[in-house]
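User: Got a model open here. Can you walk me through the sheet and the core?

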Amino acid sequence: SNFDFGQVSMSAGKVSHIFKVRNAGGQALTVDKLYTSCMCTVATLITGGKKYGPFGMAGHGFIPKINASIASGSEADVEIVFDPAAHGPAGVGPIQRVIYLETSAGEKQFGIKAVVTP
């Protein structure tokens with residue numbers, strides 16, 4: 001549920017990570033929404049051969065309902081892309097961001113962190 005990018009350079013560009021979401025329940029899981037805690041981070045849901053997103057920070061645009069389904073026993077991917085240059089020179093140093101996945105089973109949170117260098 002958490003991933004550490006370590007040191008990332010603004011000049012090197014965006015970095016990404018994929019979190020796996022497994023539906024261990026006995027019924028299909030409905031994904032309602034996916035959003036992030038900061039404009040520097042976007043998230044995309046990949047399930048059943050389809051991509052939903054990318055979705056950004058709530059409050060910086062409308063976050064639509066996804067209504068995607070993850071079958072019982074199946075997996076989906078949540079791809080996170082972090083842009084270390086999004087905050088400009090003031091964005092140097094340690095960061096922590098949260099990605100929110102709202103489903104029919106409740107909310108799941110993923111965390112990322114990094115140390116941003118010029």
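**Hairpin, sheet and core**

Analyst: Strand 4 and strand 5 make a hairpin, with two residues between them. Gly-48 sits in the turn and has a positive phi of about 60°. Keep in mind that this is a predicted model.

User: How many bridges pair strand 4 and strand 5?

Analyst: Four, in the antiparallel sense. Within that pairing, Tyr-52 of strand 5 is the bridge partner of Leu-45.

User: And what stands opposite Leu-45 in strand 7?

Analyst: Val-78. Strand 4 and strand 7 pair over six bridges, again antiparallel.

User: OK, zoom out. What's the strand order in the open sheet?

Analyst: The order is 2-7-4-5, with antiparallel pairing. Strand 2 (15-22) and strand 5 (50-55) are the edge strands, each pairing on one side only. On average, neighbouring strands are turned by 20° against each other, direction ignored.

User: What joins strand 2 to strand 7?

Analyst: Eight bridges, and the two strands run antiparallel. In strand 7, Glu-79 stands opposite Ile-18.

User: Why is strand 4 largely enclosed?

Analyst: Five of its seven residues are buried, so the rest of the structure largely encloses strand 4.

User: Switching to the core. Which residues have the most contacts inside the largest one?

Analyst: Leu-34, Leu-45, Val-78, Phe-82 and Ile-99, in a nonpolar core of 27 residues. Elements giving two or more residues to this core include strand 4, strand 7 and strand 8 (93-103).

User: Leu-45 again. What is Leu-45 in contact with, leaving aside neighbours within four places in sequence?

Analyst: Among them are Val-31, Leu-34, Ile-66, Ala-68 and Val-78. Lys-50, Lys-51 and Asp-77 are also in contact with Leu-45.

How values were computed: Residues are numbered from 1 along each chain as its sequence is written. This is a predicted model: local features need pLDDT of at least 70, side-chain atom pairs count only at pLDDT 80 or more; totals for chains, interfaces and linings use all residues. Side-chain values use heavy atoms; hydrogens and water are left out. Two strands pair if DSSP finds at least two bridges between them. Axes are lines fitted to C-alpha atoms, for helices over the stretch in contact, and angles run from 0 to 180 degrees between N-to-C directions. A nonpolar core is a set of buried Ala, Val, Leu, Ile, Met, Phe, Trp, Tyr and Cys residues joined through side-chain atoms within 4.5 Å. Buried means under 20% relative accessible area, exposed over 50%, partly exposed in between (1.4 Å probe, protein chains only). Contact means heavy atoms within 4.5 Å.
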